[in-house]
Amino acid sequence: MSKKKTIQHAIEQVHGPCPLGDFVKANEWTNHIDWELVMERVDAEHPDFEWAPDKANVQEAAESLITEVRHEMLHRAGESE
């Protein structure tokens, strides 16, 4: 599973699926995503998951990756409207 799919799966486990067909609800849903909870879920289920290759900026890398996946999920929700 790719990094983004792993993160998306964790987001859906923590926050449920992204609402489709209603961009306003989808936007509200994405605004409530807690990246730290998602990071904890990924780390718990995938202990070998590598957020940052240098291990120095793990928090920043995690927040960035989770935000990117969240944005992609919102984009797909908007397309389905």
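Reader: Is K4 buried, exposed or partly exposed, and how is that decided?

Author: A residue is called buried under 20% relative accessible area, exposed over 50%, and partly exposed in between, with a 1.4 Å probe and protein chains only. K4 is partly exposed, since its relative accessible area is 33%. Please keep in mind that this is a predicted model, in which local features need pLDDT of at least 70 and side-chain atom pairs count only at pLDDT 80 or more, while totals for chains, interfaces and linings use all residues. Residues are numbered from 1 along each chain as its sequence is written, and side-chain values use heavy atoms, with hydrogens and water left out.

Reader: With which residue does K4 form a salt bridge, and how far apart are the closest N and O atoms?

Author: A salt bridge is a side-chain nitrogen of Lys or Arg within 4 Å of a carboxyl oxygen of Asp or Glu. K4 has such a bridge with E68, the closest N and O atoms lying 2.6 Å apart. This pair links distant parts of the chain, as K4 belongs to helix α1 (residues 3-15) and E68 to helix α4 (residues 58-79), 64 residues apart; helices are DSSP runs of H or I with at least four residues, numbered from the N terminus. K4 also forms a salt bridge with E72, at 2.7 Å between the closest N and O atoms.

Reader: Where do E45 and R41 lie?

Author: Both are in helix α3 (residues 35-45), 4 residues apart, which is about one turn of the helix, and their side chains meet in a salt bridge at 3.6 Å, N to O.

How values were computed:
Helix = DSSP H or I, 4+ residues; strand = E, 2+ residues; numbered from the N terminus.
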